[in-house]
Amino acid sequence: MGRRVVVVVYDGFQMLDMAGPADVFALAGMLAREPYDVEVTAVAAGAVRAQNGVSVTVGTPLAEIDGPIDTLLVAGGVTTMDWLEDPTLIGGIRRLAGIARRTTSVCSGAMCLAEAGLLDGRRATTHWVASRLMRERYPDVQVDEDSIYVRDGDVWTSAGVTSGIDLALALVAEDHGHEVARDTACGLVVYLHRPGGQSQFSMPMSTAVPRDEPLRELQAYIDANPEGDLSVPALARRAGMSERHFSRVFTEQTGLSPGRYVERSRADAARRLLEITDHPLDRVARECGLGRPETLYRVFRRNWHVSPGDYRRRFKES
């Protein structure tokens, strides 16, 4: 029997909030040879209609779900606010959170966690549209509207819609390690970590999106392969350009030289490894393409103004 994931939905939920994480768990389970058993529940058994008109079938109603549960995940949707007054839904979420190893939400599903009192005194995020309302309605919650997802102890919350995939990949990394999460992301053709600004797990790259499709693809390749050969000659060959022309065009279209972009991308990969693994610093340095702990230290100080060890310690304590 695999890790049991219970997903809570309701009429009007966002289909991708459920389907995105479910597909991540399905592929990761195959790669790790330890399946995730995803079970969908709602207030009542039967058909539950998503916002897009597609229905899912619930076999076991919320009140009849029992433990053990590895991961509880609450989906969001345009109707979330209508369901906050439903005692069966909110009470059921509160009860299941008490027997789950970890509790998570996607999008406005965080509002359900907050209504159940599960986010009091915690940092959390939600869809940016709902962040102001969440802050006003739940003043005991520290709302972080800029993050793709936030972990506070055994409670994880994520922002809007596709961020549920980011969240699920992070959960897989915690369960099975960085390599399985990376291979899962590659299989689904998504970023393991996004090369852009909202997430506490993704460094603001401060770059423009390149106009040329080959450079956009190359940017994604760099971010997905920090341990690869990312030298200017290798990248120029991959882009089908001379080294001089490649360096000029890349800098012109992104605002960073290729070398600087690679360094910052690898720094971001190092930060993520420090957050989601307990790997020693020499292994972190190798896996993010920086080679040696000394280089990791210099790059981390230059980009984050803190040593790798201090960063990991502060993150674990947060």
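Author: This is a predicted model. The loop between strand 6 and helix 4 (109–115) contains Cys 107.

Reader: Is Cys 107 buried or exposed, and what is its relative accessible area?

Author: The cut-off for a buried residue is under 20% relative accessible area. Cys 107 falls under it, so it counts as buried, and its relative accessible area is 8%.

Reader: What is the phi of Cys 107?

Author: Most residues other than glycine have a negative phi. Cys 107 is a residue other than glycine with a positive value, and its phi is near 60 degrees.

Reader: Where is Val 189 found, and what is its phi?

Author: Val 189 is found in the loop between helix 7 (178–188) and helix 8. The residue is not a glycine, yet its phi is positive, at about 55 degrees.

Reader: Does Val 189 count as buried or exposed?

Author: Exposed means over 50% relative accessible area. Val 189 has 74% relative accessibility, so it counts as exposed.

Reader: Why is strand 6 described as largely enclosed by the rest of the structure?

Author: Strand 6 covers residues 100–105. The description follows from burial, because the number of its six residues that are buried is five.

Reader: What is the relative accessibility of Phe 246?

Author: Phe 246 belongs to helix 10 (residues 243–254). Among the residues that Phe 246 touches are Leu 215, Leu 218, Leu 235, Met 241 and Pro 258. Phe 246 counts as buried, because its relative accessibility is 0%.

Reader: How far apart are the C-alpha atoms of Phe 246 and Pro 233?

Author: Along the chain, Phe 246 and Pro 233 are 13 residues apart. Their C-alpha atoms are separated by 9.1 Å.

Reader: Which helices do the buried residues of helix 9 pack against?

Author: Helix 9 (residues 232–239) has Ala 234, Leu 235, Ala 236 and Ala 239 as its buried residues. Just after helix 9, Gly 240 takes a positive phi of about 70 degrees. The buried residues of helix 9 pack against helix 8 (213–224), helix 10 and helix 11 (258–276).

Reader: What radius of gyration does the protein chain have, and why does it agree with a compact globule?

Author: The C-alpha trace spans about 65 × 40 × 40 Å along its principal axes. With 318 residues, a compact globule would have a radius of gyration near 20 Å, so the value for the protein chain agrees, at 21 Å.

Notes: Residues are numbered from 1 along each chain as its sequence is written. This is a predicted model: local features need pLDDT of at least 70, side-chain atom pairs count only at pLDDT 80 or more; totals for chains, interfaces and linings use all residues. Side-chain values use heavy atoms; hydrogens and water are left out. The radius of gyration is taken over C-alpha atoms; the globule rule is 2.2 Å times the number of residues to the power 0.38. Buried means under 20% relative accessible area, exposed over 50%, partly exposed in between (1.4 Å probe, protein chains only). Helices (H or I, at least four residues) and strands (E, at least two) are DSSP runs, numbered from the N terminus. Contact means heavy atoms within 4.5 Å. Lists of a residue's contacts leave out its neighbours within four places in sequence.
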